[in-house]
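The sequence and the structure go in here.

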Amino acid sequence: MISEEFRPIRTRERFLVFGAPSIEQVEIDELIQSLRSGWIGTGPKVFRFQNDFASYKGGEVTAVAVNSCTAALHLSLIASGVGPGDEVITSALTFCSTVNAIIHAGATPVLADVDPNTMNIDPADVERKITPRTRAILPVHFAGRPCEMDQLCDLAGKHQLILIEDCAHAIETTWHGKPAGTFGRFGCFSFYVTKNITTGEGGMILTSDPASADRLRVLGLHGMSKDAWKRYSDEGYLHYQVVDAGFKYNMTDMAASLGIHQLKRVETWWKKREQIWQRYNEAFAGQPIGLPAAPAENTRHAYHLYTVLIDEEVTGVSRDEFLARMMRHNIGAGVHYQSIPEHPFYRERFGWEKENYPHAHRIGCQTASIPLSPALSATDVEDVIAAVKHSLTVR
Ligand SMILES: Cc1ncc(COP(=O)(O)O)c(C=O)c1O
């Protein structure tokens with residue numbers, strides 16, 4: 001219990017929202033311009049954002065914008081021909097939508113445990129989970145740290161498996177100089193509000209195959225023939241044909257209005273988060289908590305999440321009590337993630353036992369994410385540090 005003389009580090013009026021985005025005047029102006037133009041759906045701004053994103057990723061890929069990373073994952077699986085009877089191996093420590101996308105494609109998700117240090121999918125466990133029905137591997141670059149791509153690519157090559165990367169945390173990530181999202185058949189990105197850049201809701205799929213990109217565009221807009229999005233433009237009404245049973249996954253120009261300007265600041269923001277990350281490392285050294293593993297050599301971490309591990313036996317404070325105390329200090333915190341087998345739906349449907357994924361399970365019970373955003377001022381960062389230290393104090 002927290003004693004009576006508890007003094008919050010911040011007042012309620014200054015509540016620090018976890019993952020608050022940085023929105024500047026240019027985004028607001030661009031959005032207003034879209035609203036006034038009469039064309040707020042999919043249009044030229046989406047195409048510009050796609051091109052800008054592909055250039056940011058090195059230019060040798062095609063980018064297809066969609067309305068979420070969940071949609072990106074689902075479309076990528078469908079476009080890869082993954083479906084009923086197929087198994088897809090993914091991480092036991094991820095957001096539910098990674099697993100749901102596999103289920104919605106009609107395939108069976110199979111979980112591999114994570115490495116206890118990096119929190120990324122363990123290639124050795126992936127290999128153990130491969131069966132004759134395995135069709136794809138769906139690694140997640142957790143918190144922005146790249147997975148062991150050499151080993152995963154080798155496994156995919158050796159067993160002729162499709163590789164689809166969940167890059168929701170990994171816009172700026174590279175592995176041995178190669179950008180995340182360019183290793184497999186498809187790379188899927190998120191622009192959800194808390195992500196490194198945001199469009200409110202949004203996603204992007206990268207592929208090195210232009211024909212696959214065309215198919216993704218068709219599948220993402222009801223299965224209507226190519227360029228159907230232009231049917232109301234000043235080029236005159238265009239008839240379309242439905243060539244597939246598609247989905248309603250297209251990005252709007254309103255969303256792209258934010259994305260094109262957010263992307264211009266992606267590197268400046270990355271540097272800012274790196275500085276905050278280092279300040280946290282320095283401030284928390286010697287505290288009785290687990291800190292994120294240092295980025296591996298010859299890789300680039302996207303610094304999307306700063307996660308600490310709270311082991312109650314060491315600190316005397318449970319993770320949930322820690323979160324409650326951070327809240328009382330008026331600082332938002334998150335959990336990324338409870339392991340997938342913690343959730344009743346998956347346990348009931350697939351019979352998964354959390355004890356069979358011991359590392360993901362332990363991390364899921366101990367992890368807490370503290371604010372890491374370019375919107376944080378130096379005072380905010382020091383407030384977070386003070387609140388963490390205070391919340392760990394046994395009373
Ligand atoms: C690892 C991971 N995958 C997928 C998603 C889904 O992203 P979106 O909200 O854009 O659908 C998220 C979102 O939080 C995520 O963290």
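**Entry 1: ground rules.** I noted that this is a predicted model, where local features need pLDDT of at least 70, side-chain atom pairs count only at pLDDT 80 or more, and totals for chains, interfaces and linings use all residues. Residues are numbered from 1 along each chain as its sequence is written, and side-chain values use heavy atoms, with hydrogens and water left out.

**Entry 2: around the ligand.** I looked up which residues come nearest to the ligand. There are 16 residues around the ligand, and Thr70, Asp166, Ser190, Lys195 and Tyr337 come nearest. A residue counts as near if one of its heavy atoms lies within 4 Å of the molecule. I sorted this shell by class and got 6 nonpolar, 8 polar and 2 charged residues. In this sorting, Ala, Val, Leu, Ile, Met, Phe, Trp, Tyr, Cys and Pro are nonpolar, Asp, Glu, Lys and Arg are charged, and the others, Gly among them, are polar. Helix 3 (69–79) and helix 4 (96–104) each give the shell at least two residues. Helices (H or I, at least four residues) and strands (E, at least two) are DSSP runs, numbered from the N terminus.

**Entry 3: polar atoms at the ligand.** I then checked polar contacts, which here are pairs of N or O atoms within 3.5 Å. Ser190 has a polar side-chain atom 2.7 Å from an oxygen atom of the ligand. For Tyr337, a polar side-chain atom also lies 2.7 Å from a ligand oxygen. Cys69 takes part through its backbone, with a polar atom 2.9 Å from an oxygen of the ligand. The ligand on its own has 390 Å² of accessible area, and the protein covers 93% of that. Accessible areas come from the Shrake-Rupley method with a 1.4 Å probe.

**Entry 4: the largest pocket.** Where does the ligand sit? I found the ligand in the largest pocket, the test being that more than half of its atoms lie within 2 Å of the grid points. On a 1 Å grid over the protein atoms alone, a pocket is an open set of points with protein on both sides within 12 Å along at least five of seven lines, a cavity is a set where a 1.4 Å probe fits but cannot get out, and lining residues have an atom within 4 Å of a point. The largest pocket holds about 390 Å³ of space, counted as the space filled by probe spheres set on points joined across faces, edges and corners. Its lining has 23 residues, and Phe95, Cys96, Ser97, Lys195 and Tyr337 lie nearest the centre. Helix 3 and helix 4 are the elements that give this lining two or more residues.

**Entry 5: the second largest pocket.** This pocket has about 260 Å³ of space. I listed 22 lining residues, with Thr42, Phe47, Arg217, Leu221 and Trp229 nearest its centre. Helix 7 gives the largest share of the lining, 4 residues. By class the lining has 13 nonpolar, 5 polar and 4 charged residues.

**Entry 6: the cavity.** I counted 1 cavity of 30 Å³ or more. The largest cavity has about 120 Å³ of space, and among its 17 lining residues Ala20, Thr194, Lys195, Asn196 and Pro374 lie nearest the centre.

**Entry 7: backbone.** I noted a cis peptide bond between His336 and Tyr337, with omega about 0°. Tyr337 is in the loop between helix 11 (319–328) and helix 12 (344–350). Ala143 has a positive phi, near 65°, though not a glycine.

How values were computed: Polar contact = N/O pair within 3.5 Å; in protein donor to acceptor, adjacent residues only side chain to side chain.
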